[in-house]
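Visitor: Hi, I'd like a quick tour of this one. Can you take me through it step by step?

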Amino acid sequence: MKLVIFTDGGCSGNPGPAAIGVVITKNGTVIKEISRTIGEATNNIAEYTAVVYALQEALILKARDVLIKTDSELMARQLNGQYAVKHGHIKPLFDQVKHLYSGFRSV
């Protein structure tokens, strides 16, 4: 099963009160929506947290292939290996996302 997943995260102030949003679709139909507040965080932490939630949910749904759509250029380029992760507070979330990748045939 291939899922297309839309993720977003943001905060009011940076850092500040933060939240995430995830929409998971299959064949163009929304099958799951997730929205959560996550406490105090930076925008980048919120973006990564949204992807963590999305991939965890995709595993629960037994997806084999996922396509992640995000508006975070920094996160996308870090996950694609184009940019290095330079901030220590992002590294644990980056590592968690990369670990979650191993549960899928393709991401």
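Guide: Let's start with a strand pair. β1 and β2 run antiparallel, and eight bridges join them. Keep in mind that this is a predicted model.

Visitor: Which residue in β2 is the bridge partner of threonine 7?
Guide: Valine 22.

Visitor: What sits between the two strands of that hairpin?
Guide: Four residues separate β1 and β2 there. Glycine 13 takes a positive phi in this hairpin, near 85 degrees. Proline 15 also has its place in the loop between β1 and β2.

Visitor: Is the peptide bond from asparagine 14 to proline 15 cis or trans?
Guide: It is cis, with omega near 10 degrees. Most peptide bonds are trans.

Visitor: OK, what else pairs with β1?
Guide: Strand β4, residues 65-70. Six bridges join β1 and β4, and these two run parallel. In one of the pairs, lysine 2 has aspartate 65 in β4 as its bridge partner.

Visitor: Let's stay with aspartate 65. Is it buried or exposed?
Guide: Aspartate 65 is buried, because its relative accessible area is 12% and the cut-off for buried is under 20%.

Visitor: What does the side chain of aspartate 65 join up with?
Guide: The side chain of arginine 105. A polar contact of 2.5 Å links the two.

Visitor: And which residues does aspartate 65 touch, leaving out those up to four places away in sequence?
Guide: Met1, Lys2, Leu3, Arg105 and Ser106.

Visitor: Let's zoom out. How many helices and strands are in the chain?
Guide: Three helices and four strands.

Visitor: What pattern do they follow along the sequence?
Guide: The pattern reads β-β-β-α-β-α-α.

Visitor: What about overall dimensions?
Guide: The C-alpha trace spans about 35 × 25 × 20 Å along its principal axes. The radius of gyration is 13 Å. A compact globule with 107 residues would have a value near 13 Å, so the chain agrees with that.

Visitor: What share of the residues is buried?
Guide: Buried residues make up 36% of the 107.

Visitor: And the surface?
Guide: The accessible surface comes to about 6,000 Å². Carbon and sulfur atoms account for 51% of that.

Visitor: Now the inside. How many residues are in the largest nonpolar core?
Guide: It has 27 residues. Ile5, Tyr48 and Val66 have the most contacts inside this core.

Visitor: Which elements each supply at least two residues of that core?
Guide: Strands β1 (2-11), β2 (16-26) and β3 (29-41) do. So do helices α1 (43-60), α2 (73-79) and α3 (91-101). The largest share comes from α1, with nine residues.

Visitor: You mentioned Ile5. What does isoleucine 5 touch?
Guide: Leaving out residues up to four places away in sequence, isoleucine 5 touches Val22, Val23, Ile24, Ala54, Ala58, Val66, Leu67, Ile68 and Lys69.

Visitor: Back to loops. Which residue other than glycine has a positive phi near 55 degrees?
Guide: Asparagine 27. It is found in the loop between β2 and β3. Asparagine 27 is exposed, with a relative accessible area of 74%.

Visitor: And what about lysine 62?
Guide: Lysine 62 lies in the loop between α1 and β4. Its phi is near 65 degrees, again a positive value in a residue other than glycine.

Visitor: Why point that out?
Guide: Because most residues other than glycine have a negative phi.

Visitor: Is lysine 62 buried or exposed?
Guide: Lysine 62 is exposed, because its relative accessible area is 65% and the cut-off for exposed is over 50%.

Visitor: One last stop, glycine 10. Where is it found?
Guide: Glycine 10 is in strand β1. Its relative accessible area is 24%, so glycine 10 counts as partly exposed.

Visitor: What is glycine 10 in contact with, apart from neighbours within four places in sequence?
Guide: Pro17, Ala18, Ala19, Asn43 and Ala46.

Visitor: What separates the C-alpha atoms of glycine 10 and glutamate 73?
Guide: A distance of 14 Å. Along the chain, the two residues are 63 residues apart.

Technical notes. Residues are numbered from 1 along each chain as its sequence is written. This is a predicted model: local features need pLDDT of at least 70, side-chain atom pairs count only at pLDDT 80 or more; totals for chains, interfaces and linings use all residues. Side-chain values use heavy atoms; hydrogens and water are left out. A nonpolar core is a set of buried Ala, Val, Leu, Ile, Met, Phe, Trp, Tyr and Cys residues joined through side-chain atoms within 4.5 Å. Buried means under 20% relative accessible area, exposed over 50%, partly exposed in between (1.4 Å probe, protein chains only). Contact means heavy atoms within 4.5 Å. Two strands pair if DSSP finds at least two bridges between them. The radius of gyration is taken over C-alpha atoms; the globule rule is 2.2 Å times the number of residues to the power 0.38. Accessible areas come from the Shrake-Rupley method with a 1.4 Å probe; for residues, only the protein chains shown count as cover. A polar contact is a pair of N or O atoms within 3.5 Å; within protein, one must be able to donate a hydrogen and the other to accept it, and residues adjacent in sequence count only if both atoms are side-chain atoms.
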